[in-house]
Amino acid sequence: VEYGPLPDHRLDVYRPKDGAAICPTLLYIHGGGFRILSKDTHWMMAALFAQAGYTVFNVNYRLAPRYPYPAACEDVAQAALWLKKHALEYGGDSEAWAVAGESAGANLSLALTIANCSPRSEPFANAVFEAELPIRCVLPACGILQVSDSQRFRRERPDLPVFFSDRIDVVCSGYLSPGETNPGLADPLLLLENPQDWTRPLPPMMAIVGDGDPILEDSLRLGRALDELQVVNEIPVFNGGGHAFHALFWRPLSEDAWRQQIEFLGLHLSHT
């Protein structure tokens, strides 16, 4: 389905095979370091959420480094605004949404949520805030939630293999244009960690992450920031899990992670 005028403005819709006419809406934003992958590589994520009873809108967005920040944020915002108008046509509840994504998709999920809860100067963020999206729950799994200062991972973990630290540098430098002095929503974690007024309450969040994930600390920081803001959250850390481990959904560890995510959605997203 087209959600905008550009070639990348496409999404796929997944529905429960035997679901109700109207199911809760879930917007899924794929990962891939802002640089690679697509809705097509992440069909299994959408299918698993649909199997659990959700109408899933799995979106593409423009990729870095050809399209650096804020292109991906702009596209996700446009998809969400399209969803506000059209979700019901595809069997998605227009009043009960979840937003989910992994890795870079977690960053974009969090950025969209922040834009929805507090007014900002960016035109795309302002449009989201004005729309007052019905986001009731967010699942930012194993996210890279701060793109600036990519060297922090090396400082925090001197034993981090060079391969991982180099890949993190490539991801961050490709997404954030050289010389960018105001990362804004490219650094959603920093926005949560710094005091500000929230016009609307932040929704409950669950961020699954593996203890072997080289960017684990961003998820732990997210939990601490949400605790400070008194936002309902769970940050389950799975022993033996690497980055985006839940994509291998047939493994027992991943099955447990998916079960916890679905249970969290059931608690915090009203089914109609």
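The largest cavity is lined by Cys73, Val76, Ala77, Leu108, Ala111, Leu112, Ala115, Phe124, Val128 and Leu185. The term cavity here denotes a set of points, on a 1 Å grid over the protein atoms alone, where a 1.4 Å probe fits but cannot get out, and lining residues are those with an atom within 4 Å of a point. The model is a predicted one, in which local features need pLDDT of at least 70 and side-chain atom pairs count only at pLDDT 80 or more, whereas totals for chains, interfaces and linings use all residues. Residues are numbered from 1 along each chain as its sequence is written, and side-chain values use heavy atoms, with hydrogens and water left out.

The volume of the largest cavity is about 60 Å³, a volume being the space filled by probe spheres set on the grid points, which are joined across faces, edges and corners. Helix H2 (71–86), helix H3 (104–117) and helix H4 (123–131) each contribute at least two residues to its lining; helices (H or I, at least four residues) and strands (E, at least two) are DSSP runs, numbered from the N terminus. H3 gives the most to this lining, with 4 residues. The lining of the largest cavity comprises 10 nonpolar residues, no polar and no charged ones. In this division, Ala, Val, Leu, Ile, Met, Phe, Trp, Tyr, Cys and Pro count as nonpolar, Asp, Glu, Lys and Arg as charged, and the others, Gly among them, as polar.

Over the whole structure, the search finds 2 cavities of 30 Å³ or more. The second largest cavity has a volume of about 40 Å³, and Tyr28, Phe49, Ala100, Gly101, Leu139, Ala141, His246, Trp258 and Gln261 form its lining. Strand S4 (92–102), strand S5 (135–141) and helix H9 (252–268) are the elements that give two or more residues to the lining of the second largest cavity. Its lining divides into 6 nonpolar and 3 polar residues, with no charged ones.

Attention now turns to the nonpolar core. In soluble globular proteins, nonpolar side chains tend to be buried together. A nonpolar core is a set of buried Ala, Val, Leu, Ile, Met, Phe, Trp, Tyr and Cys residues joined through side-chain atoms within 4.5 Å, where buried means under 20% relative accessible area, exposed over 50%, and partly exposed in between (1.4 Å probe, protein chains only). The largest such core has 60 residues, of which Leu27, Phe34, Leu108, Leu112, Tyr175 and Leu185 touch the most other members. H3 supplies the largest share of this core, with 9 residues. Leu108, which also lines the largest cavity, is in contact (heavy atoms within 4.5 Å) with Ile29, Phe34, Tyr61, Ala72, Cys73, Val76 and Tyr175, leaving aside residues up to four places away in sequence. Another core, of 29 residues, lies apart from the largest one and includes Met45, Ala50, Ala100 and Phe238.

The open spaces come next. A pocket is an open set of grid points with protein on both sides within 12 Å along at least five of seven lines. The largest pocket has a volume of about 540 Å³ and is lined by 24 residues, with Gly32, Gly33, Ser103, Val171 and His243 nearest its centre. The elements that give two or more residues to this lining are H1 and helix H6 (162–175), and H6 gives the most, with 5 residues. The lining of the largest pocket divides into 13 nonpolar, 7 polar and 4 charged residues.

The second largest pocket has a volume of about 170 Å³. Of its 14 lining residues, Asn116, Leu133, Pro134, Ile135 and Arg136 lie nearest its centre. H3 gives the most to this lining, with 3 residues, and the lining as a whole divides into 6 nonpolar, 3 polar and 5 charged residues.

Most residues other than glycine have a negative phi, and most peptide bonds are trans. Pro65 is placed in the loop between strand S3 (55–59) and H2, and Pro70 lies in the loop between S3 and H2. Leu37, although not a glycine, has a positive phi of about 70°; its place is in the loop between strand S2 (23–29) and helix H1 (43–51).
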